[in-house]
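Hi,

Here is the structure I promised to pass on. Have a look at it first, and my notes follow below.

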Amino acid sequence: MIPKLKNERKGTLMKERVRGIFTKEWLEVHGNDVFAYSGLVLCILVFSILPPILRGINILDPAGLAFKSIVKDGVMYSILAAGAVFVYSLGAMDISVGAQISMYAILLIHTYNVGGSSIGALVGCVALIFVIAMVCGITNSVIANVLEMKPIITSLILQFLIYGIASVVINIWNPASIAITFDIGTVAMTHFAPLGNVWVQVGIMVGCLLLFTVLFNYTKIGHYVKAIGANQDCARQMGISLVKYRMLAYMIFGVAIVVASLLFVANTGTTTSNGGKGYEMKIMISLIIGGMPLSGGMKSKISSAVIGGFTYALITRSFIYIGVPDKYTTVFVALIYIVVVLLTCRSKDKVLPR
Amino acid sequence: MENEIIFEARHMHKVFGQTIALKDVDFTLKRGEIRGLVGENGSGKSTIMSIASGMQPETSGEMFYKGKPWKPDTMVTAQGQGISMILQEANTIPGVTVAQNIFAGHEERFTKFGMVNMKKMFAEAQKLLEKFGISHIKARDSIDKYNFENRKLIEIVRCVTDETEILVVDETTTALSLDGREILYKIVHRMAEEEDKAVVFISHDMDEILDQCNVLTVLRDGDIIGEISKEDMLAAKTEGTKRQEVMKRARYMMVGREIGEKYYREDYDTSHADAVALEFDDVSFGNVRGFSLKLHEGEIVGLGGLSGCGMHDVGRAAFGLEKIRQGRILRNGVEVKNPMTAIRNGIGYISKNRDTEALILQGSIGDNIALPCLDGIAKNGLIFTKDKNKLINGQIDLFSIKCRNGKQWVNTLSGGNKQKVSFAKWTAKGSEVFIMDCPTRGVDVGVKQSMYALMEEMKKEGKAILMISEELSELIGMVDRLIVMKDFEVTGELKRSQKLKQVDVIEYML
């Protein structure tokens, strides 16, 4: 009897402890996280069961193509979305991402080819696109500040401009598309090849996320961008330089875009003038699915990028593996997007910008 | 008709998360009453009336209006049925005209075949504005052209219609000038005394409550504690001793303890250090021209006048929020050009616009307190939660902020506790010069008392305070030197003295 009583007491204590953690207050603060994490777990469960039954594909097999493609997409979305968190926290948006990835991919491939596929050419080119990304970030934030425009407008202008330049450049260098030139037998010798390895990409993602998490949670930058997004008049009266921290947010996003462009080239080896098209929307959807309030402010967090990025990658890729034709995938994603928007915009924290 | 019950709430209960805002409250309002509702911040006085006027639903309980069950789903529904509420905070729609604000939700009155006859709406709105005696506001103008006070007057015009049977005035007068207040008082008395309607008057100003109301209900911690009868209220209007006695009784019921005699400073010692903490050297900005002032360490200087006289602009300029045309504002020899230089040089600013400028409402108490102090707690550029929490908890204890913990969001706090947070961020920062613009606006008597005590303590510690206020009694009670402004110019300077009376100050204000 004594051991039974002990166990009962243990069980009651455990229940009380659990109740103590999951209070109403805790749910108010972490409700969006619970929703986002549950979504990811549900997707993993559904898509680890359906593809093996319907198509005989195991998406959880690390050696399988399905696993690798999902992880690679998840890595791309997570890195980009984590960088975007800094900009979205401000209550701003940047829709020039896709154009920037297209342009950087062209520059990377062309310079690498012209430079004799040497490591020096690669390093030089990465430095070049890094500088361009910083200039784009500064341009986006400064013009929006000086002209008091909505940042989305400046990024729209930048998007058109960059797509235009990319189109001109690619037509001069190599019409229609551009690819890394290498002998098919020595593919492993290109300096991009190691970056194409799924575990290397996961390592890069972890590094980026660590850096962004430290910047967002443990430095003034993260605290200040959230404050600006929550109430810019108040932030100004707290001595926060709106121009400086907006600029820094866009520059950090620029770093994420550069890393993502490198991985993009490593994954595809080729690009067109609009190879990165659509990434701006993918980032936005990832963040919404991850529970990030797109109106910015104090509830913004990096974890939304990772959860949302992988959930989105899992959904979009897994539709193909359960036999949904590629052409219908977008429709299904749109439906999921609508459901998430309907659920989140009804919440009292106003996830979507007004 | 008089004494007929027009509104009744039975067993009204309201819960916000873990906070119980109303505890099984029974409340009755009769025709002809101007019922004052007083209580500390968070006592539930605004909550009960906001439920009655359709702003939010009750958790449990029932309401009756004109003898029938009452459950309005929106404020527009309640207003249409005769219960209107003028809110404490701004409640106008930006970016549209004054007329559109006045007739918001009632456009159908001017609509024919789906088209709104704007000409008719403007004419009607202008007629209403003139009827209320505020013809300086034009119906065709964009509402953005008008300041907070004028917007409040526009709200009054919108809320009070011929159909209004119950008017709720929720701490509105703090935003109004003397003229604005007179307009509101006339409406209130006309409704109750001539038209046999009812008014609920929520205010922290006990003098105003005693002057305007004919019956008083006191709330504490979501419960009705007591009532002061019509007879007592009438006597309090005429007899000085009775007034003091009624006031003392109401305050005791509000706080649950003796407030004590000490409220403002009791000393008349105007001494301070010789060192100048903040200097305005012939400064011109906006409409203010050639403003000069030396604020010394250990000195409290007051700025008084009618709202719109330029005193609030002086406070903003002292914190680097105004563009200076001429002259300089100096702190320790450094020119204050923007909030960053001001904060770096030990200046803290408590804006009168608490909810829009002073606080991040959608943020935690901790974030609000810690944000200006991050430079001080960062180690090698990194901010650790442990250091942040230490700073935050220290301030929560110092100001006795009523909260669960530092993670609680500011928008869930009462007005007084919000104000404590806006004070706390500058004391946490270690500011030496405090610019306080209407520091006790919308806070209850208990919080006021502790804020006055804090200011006195700050003076003793050698801190300099520039106190801007529209309440003459607190200026006279607290400052060493009072500068009076009118039409953006200094019209008088008065020294702290036992003999100084409100009429002496008003002379320079008007």
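Some housekeeping. This is a predicted model, where local features need pLDDT of at least 70 and side-chain atom pairs count only at pLDDT 80 or more, while totals for chains, interfaces and linings use all residues. Residues are numbered from 1 along each chain as its sequence is written, and chains are lettered from A and ligands numbered from 1 in the order in which they are written. Helices (H or I, at least four residues) and strands (E, at least two) are DSSP runs, numbered from the N terminus.

Now chain A. Helix α3 (residues 65-89) of chain A packs with helix α11 (residues 242-268) of chain A at about 165°, their axes 7 Å apart (axes are lines fitted to C-alpha atoms, for helices over the stretch in contact, and angles run from 0 to 180 degrees between N-to-C directions). That makes α3(A) roughly antiparallel to α11(A) (over 145 degrees; under 35 is roughly parallel, 65 to 115 roughly perpendicular and the rest oblique).

α3(A) also meets helix α12 (residues 279-289) of chain A: the axes come within 9 Å and cross at roughly 80°, so these two are roughly perpendicular. Residues in contact (C-beta atoms, placed from the backbone, within 7 Å) include Tyr77(A) and Leu80(A) in α3(A), and Ile283(A) and Leu287(A) in α12(A).

On to chain B, where 6 strands form an open sheet with mixed pairing, in the order β6-β9-β10-β3-β11-β12. Two strands pair if DSSP finds at least two bridges between them. β6 (83-86) and β12 (223-228) of chain B are the edge strands, each pairing on one side only. Neighbouring strands are turned by 20° against each other on average, direction ignored. Strand β11 (residues 215-220) of chain B runs antiparallel to β12(B), joined by 5 bridges, and Leu219(B) stands opposite Ile224(B) in β12(B).

Two helices go with this sheet. Helix α5 (residues 148-159) of chain B touches β6 and β9 (166-170) of chain B, while helix α9 (residues 240-255) of chain B lies across β3 (34-39), β11 and β12 of chain B.

Cheers
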